[in-house]
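Have a look at the picture, then read on for the details.

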Amino acid sequence: MEPIAPILELKGLSKAFGGLKVTDDVSFKVMPREISVVIGPNGAGKTTLFNQITGHLRPDSGRILFKGQDLVGRTTQQIVALGVGRAFQVASLFLGETVLDNIRVACLSKLDQTRKPLRPVSDFKRATKRAMEILDSLGLARYAARQAHELAHGDQKLLDIGIALALEPVLLLLDEPTSGMSPEERHLTRELVRKLWKDFNLTLIFIEHDMDTVFGLAQSVRVLQSGRLLAEGPPEEIRKNQDVITAYLGEEVA
Amino acid sequence: MPSKPKTANTWYLLIFLVLFSLVPVLKTTNYQMLLAAHVLVWGLFAVSFNMLFGVTGMLSFGQALYYGMGAYGAGLCVKYLGQAWFFPGMALGIVLAAVTAWLLGHLIIRVSGVFFTMLTLAFGQLGWQVMFKWYSFTGGDDGVQNIIPPGLFSNKVIYYYLVLALVGASIWFLGRLSASPMGLILRCVRQNPERVRFLGRRVRRNQQRIYIISSLFTALAGGLMSGVDYSIHTDMFYWTTSGHVILMSILGGIGQFFGPLVGAAVIVTIEDVVGAFTEYWSLIIGTVMLVMVLGLPRGLMGEISQLWTRLPGRQQALTTREEGN
């Protein structure tokens, strides 16, 4: 039987700002449909890693293979078109637009209809229908006509994920999906992310500090420290890994 | 700029067209009609400018370049080729403006914020210098007089209705554009360019597109003005002209599609009414602007629309209607 190819493969990825190595020879493979998490102390290079995958930063060396194609040197636009989506640590929205339009503009982008100058946005039935479906699956449909800035913090983060979903990604990167949320909201978001993963056939990589979310959601864990990959494996192994406990987890889960 | 329910903007446009089409019927002097024509032309100029500034977030301080090109296209063609060349000259000016905007856009849209503003100012002033110094061709600061539109349109009332029709159609088009997916992506470019890249869209390409569209309608406004005033002058290229539409837009409300039009009407009227009494009319404009920016930062139309949405029950009605479709 032919082995399944990884959907994302990092090979010897390195990036330094001056003398500071923010990504230090990082290699790993992510399999299709995997839910994996990247953890590590602040400044370990987690978001920097995401920035390299999505074309914001160009790595100094190494390769990023997505479905076999190297992403290094491609623009963000091209990478998005290949099927990599991203939600941001601080919700990145169009705050003056309605909740519906935040998603709808992404649907219109996906359908390549953002150059149409004459018909009103509401005439674009396909994009509108799709946007409402996504709002439904996020539980935000009742806020469709509100302005995005009126939403509560947690709902703004969901809307951010919604914008990414509207672009129909294969691989979705979530940067701290539960940051700034109450324990209750975290629980709901966790369940929602799991549901989205199933419904949208996603491969997920997320950055997280909340250990309940890390161990409650991830199928595999990767630990970064000072830009290096310290450990990787299934959650049970990582929980017991002495290096990781010393470096990062500490008393919290021991 | 929130996308207003389209009915509201359609009503504004209708009211605007009806009001201005009554001017030649109700006027007591020709001068009132001239004033109304000025409001129309400046209104189109300001609305076009606001597609850049209020909608897309690009503060151009050099739109006078395109306004002047439209005006000088018509004016110089009449001067050298004769009256019949008025409309072809205007078309030539508009095409030249669009081509210039396309070329310049490649240069200046690379930078953003205050650097973009400074570059637009620099190129605007360059254009003014050329027109000012090239006396043998442009007449320098003497300008060109006796630019009278040909045939039927030499009649002031008929030309007024032509201006109204073209301004009305242009504003209708720009209004449609604001409410369309293209308008939506432009507002998104203003609010969060980084996220727009993450929609797989190109920020600069969208900025370039609206820069050309805005400049094209600005040139149309300039061309029409040459036939309203029967003359052109180098001030049309000067930076104060660019500054004028910025004031108009802010006064009327840059977050509202019709804001700049209202701002144009107010400023043109103040200049005229106050200007009749004192040469210090710019003092009045300055005071009005001060009060507006400090007290009513959303501009006239912005504050009106704010009152409207605050009316009890209104918010609810909006919510249910949007969800219904």
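## Chain A at a glance

Of the 254 residues in chain A, 46% count as buried. A residue is called buried if 20 or more other C-beta atoms lie within 10 Å of its own, exposed if 12 or fewer do, and partly exposed in between, with C-beta atoms placed from the backbone. Before going further, note that this is a predicted model: local features need pLDDT of at least 70 and side-chain atom pairs count only at pLDDT 80 or more, while totals for chains, interfaces and linings use all residues. Residues are numbered from 1 along each chain as its sequence is written, and chains are lettered from A and ligands numbered from 1 in the order in which they are written.

Chain A holds nine helices and ten strands. These are DSSP runs numbered from the N terminus, where a helix (H or I) has at least four residues and a strand (E) at least two. With 254 residues, a compact globule would have a radius of gyration near 18 Å, and the 19 Å of chain A agrees with that. The radius is taken over C-alpha atoms, and the globule rule is 2.2 Å times the number of residues to the power 0.38. Along the principal axes, the C-alpha atoms of chain A fill a box of roughly 60 × 45 × 40 Å.

## Two domains in chain A

Which stretches make up the domains of chain A? Domain 1 covers 1-83 + 169-254, and domain 2 covers 95-168; such bounds come from an automatic or database domain assignment. The C-alpha centres of the two domains of chain A are 26 Å apart.

Where they touch, eleven residues of domain 1 of chain A are in contact with nine residues of domain 2 of chain A. Contact here means that the C-beta atoms of two residues, placed from the backbone, lie within 7 Å. On the domain 1 side, strand E7 (171-175) and helix H6 (183-199) of chain A each supply at least two residues. The largest share, three residues, comes from H6(A). By class, that side of domain 1 has eight nonpolar, one polar and two charged residues. Nonpolar means Ala, Val, Leu, Ile, Met, Phe, Trp, Tyr, Cys and Pro; charged means Asp, Glu, Lys and Arg; the others, Gly among them, are polar.

## Strands of chain A

One open sheet in chain A has four strands in the order E2-E1-E4-E5, with antiparallel pairing. Strands count as paired if DSSP finds at least two bridges between them. At the edges sit strand E2 (20-30) and strand E5 (69-70) of chain A, each pairing on one side only. Strand E4 (residues 61-66) of chain A is joined to E5(A) by two bridges, and Phe66(A) has Gln69(A) in E5(A) as its bridge partner.

Elsewhere, E6(A) pairs with E7(A) in the parallel sense over four bridges. Ala87(A) has Leu174(A) in E7(A) as its bridge partner. From strand E6 (residues 84-87) of chain A, Val84(A) and Arg86(A) point one way and Gly85(A) and Ala87(A) the other, and all are buried.

## Where chains A and B meet

Now for chain B: 29 of its residues are in contact with 32 residues of chain A. On the chain B side, helix H7 (156-179), helix H8 (181-191), helix H9 (193-197) and helix H15 (314-324) each give two or more residues. H8(B) gives the largest share, seven residues. That side of chain B has twelve nonpolar, seven polar and ten charged residues.

How many residues of H8(B) are buried? Nine of the eleven are, so H8(B) is largely enclosed by the rest of the structure. The buried ones, including Met182(B), Leu186(B) and Arg187(B), pack against helix H3 (99-110) of chain A together with H2, H7, H9 and helix H10 (203-229) of chain B.

## The largest nonpolar core

The largest nonpolar core has 162 residues, and Val41(B) and Leu44(B) touch the most other members. Such a core is a set of buried Ala, Val, Leu, Ile, Met, Phe, Trp, Tyr and Cys residues joined through C-beta atoms within 7 Å. Helix H2 (residues 30-55) of chain B gives the largest share of this core, 16 residues. Both domain 1 and domain 2 of chain A also give residues to this core, so it lies between them.

Leaving aside neighbours within four places in sequence, the contacts of Val41(B) include Val163(B), Ala221(B) and Met225(B).
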